[in-house]
Amino acid sequence: MLRITDILDKTQSYLPAEELEMIEKAYVYSATVHQGQVRLSGEPYLTHPMEVAGILADMKLDSAAVISGLLHDTVEDTLTTQEHIEEEFGKDVAFLVGGLTKLSLISFGSQEERQAENFRKMILAMSADIRILLVRLADRIHNMRTLQYQPQDRKIYIAKETMDIYAPLANRLGINWMKMELEDLSFQYLYSAEYSELSRRVVKSDESRNRYTEEVKSIIRSELEKYSIKGEVEGRAKHLYSIFKKMNEQNIKFDEVYDLIAFRIILDSDNVKSCYEALSTVHALWKPVPGRFKDYIAMPKANNYQSLHTTVVGPYGERVEIQIRTRTMHEWAEKGIAAHWRYKEGRAYTNNEDNQIKKLRETLEIQQDIKDPREFMSNLKLALFPEEVYVFTPNGDVKAFPKGATPIDFAYSVHTDVGNQCIGAKVNRNIVPLRYELQNGDRVEITTQAGHHPSKDWLKFVVTTRAISKIRNWINLEEKKSSLDLGRDLLDKEFKRHNLKFGNYVKSEEIKKIFTEYSVNSLDDLISQVGFGRVSPKQIVNHFLTDEEIKPAEPIIEKVKKKTAATPSLGISLTGIEDVMVKFAKCCNPIPGDEIAGYISRGRGVTVHTRNCPHIKNLDVDRIVIVEWNVREKHAYPVHIKVVCGDRKGVLTEVSSTISSFDINISYAQVETTDLLATCHFVIDVNDLHQLNQVQAAIKQLKIVKSIERIRKT
Ligand code: MN
């Protein structure tokens, strides 16, 4: 069993004395809180955190990482809290232990391959500090080393999780020894028959292989000496799982696997040129196998692995695989991201992400001839700290979302109907608002209700294109539906005014003829154009009238029924909003020239009010948008005016003809007479405020008129 003195021995070479004291303190703490707990092996629980800390110390990680190794299970398995750890060991350690606790609560298990990459990404995203991942991997190494004490089903579950998720993560970080050990340990449990057979055969041929290995090494060595290339030659058996994989992939038997040994030339010089010199020396000595040369120096692997790989025909006609690299490249190949994760010059590493990236870049820039280190860094940054969050579905699948995604985004990713009918969400069993920002590891459940509809407000916080387009689709459809109703209503009325029936025209050839004029393809399109206010009903009815009928008729002096729907807008442009249905508020009936503001009403487009309308002051400020008049063509807007006259017969006719002299239509007129006064109400269609002012001034000139005012409410 590893003792604290062993860990201190490992760390004293690179850590200052006061940090060794902290490690010792963490040991005492961990021993106290884990006291009485035992592992399945029967050993005291403490052996586990000790072994994990030992692995981290071997990797020469900083004191916070080693301490986190000692404490990594305390919050989850004992009465200790993260707050207490912070009091005792500071923020850095508490942050790491907190991250490890969160990770340990998530079980990934055996999942389909398509899910494995998402699980790996989720772990990366949750490892806000790279040390969290390194401790987690060390934890997994020790658990795998002691897997034999687990019951059979747990063995398979954990081994599969290790093979699918943790070994690839070690590979991504470039920590080769960890990747190989995790793979071989998982292999042992997942394919136990193949594993024992393979390990038996590899051991059996050991003696002769050792002789062979030494022979090849010495030939290479003397050849390098001839050309004064200084370096070391290694020959090692490949790890079992890679042999197994090769046999499977190439469908060959063990005896057919020639290159059981991987030979390696590690050059003393850090100059890349020497790698290519060594390569040509080897190629001059033995014939290279065509198509087997790979230049990972010019084109490093995604985890920054660099080396030259070649396969040659060796002294006995067998294939020999040789890797050539500098010492710096070798260091990276073995230890990966942990290679530079060392304590130097007494500076502690912070958990600051930018700082880590800076240090990574510094390390990389030391290496020569990397084509574009920045490109590698941005890839690495993306891989380690993705701009994505990973959350669980209720049945344990993982889904990836852009940062800032909400339960609505989640709902639409499940199904359009789930999104459209979403009325609530639960995260980790607690109800959250729909605008809640999803966090890594959240388990999300959506509550739906049949018949529920999306809200335009959702567009303010959803982030996925899918959700945005689905919500827009729904709103467009809804608006089209209501604009159809409105358009039909307006056309019916307008036709009726001319004693025509719109219904008689809908299937006629005549109406089809005008489609192109309004750039529409169908009658529905035409009707909704009227509903949206892009085409006036008058324009349409004019096509079915004679020239004489189009001329303004005599003022219709009758009681016109109060309009139920607001009049569609024409010639108005809204800043920042396109293609929405625009209506005028009935409370203030704005006309061009009035100062106006728009109010986004739920599912019913924008309603335009005058800025001094008393109603707008009571409305939700968030939904008020800036609107400007943009009059391209003249259109008529209804305005209600009240004219008070001295009682005289024919006042209505006199005022009406004044209005008509401006070529203004009167759509409503009514007179109330008392003993002395006549009060006339008119709804007149004016083009703008200027025209209204003109007509008001003209009416005021009439001797009979006592007062005139514009009534906001119709
Ligand atoms: Mn553990």
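**Notebook: metal site, cores and cysteines**

I began with the metal and found that the manganese ion is coordinated by His48 (NE2), His72 (NE2), Asp73 (OD) and Asp139 (OD), at distances of 2.2 to 2.5 Å. I keep in mind that the model is predicted. Along the sequence, I read the spacing of the donor residues of the manganese ion as H-x23-H-D-x65-D. I then placed the two histidines, which link distant parts of the chain: histidine 48 belongs to helix 3 (residues 47-58), whereas histidine 72 sits in the loop between helix 4 (63-71) and helix 5 (74-77), 24 residues apart. I noted that histidine 48 and histidine 72 are both buried.

Next I looked up the nonpolar cores. The largest has 69 residues, of which Ile7, Ile23, Leu71 and Phe108 touch the most other members. Helix 8 (residues 130-145) gives the most to this core, namely 9 residues.

Last, I checked the cysteines. With a cut-off of 2.5 Å between cysteine sulfur atoms, I count 0 disulfides. Cysteine 587 is in no disulfide, since the nearest cysteine sulfur, that of cysteine 613, lies 3.5 Å away and the cut-off is 2.5 Å. I noted that cysteine 587 counts as buried, at 14% relative accessibility. Cysteine 588 is likewise in no disulfide, and its nearest cysteine sulfur, again that of cysteine 613, is 3.8 Å away. Cysteine 588 counts as buried too, at 2% relative accessibility.

Methods: Residues numbered from 1 in each chain as written. Predicted model: local features only at pLDDT ≥ 70, side-chain atom pairs only at ≥ 80, totals over all residues. Heavy atoms only, no water. Buried < 20%, exposed > 50% of the residue type's maximum accessible area, 1.4 Å probe, protein only. Donors = N, O, S within 2.8 Å, 3.2 Å for Na, K, Ca; no water. Helix = DSSP H or I, 4+ residues; strand = E, 2+ residues; numbered from the N terminus. Core = buried A, V, L, I, M, F, W, Y, C linked by side-chain atoms within 4.5 Å.
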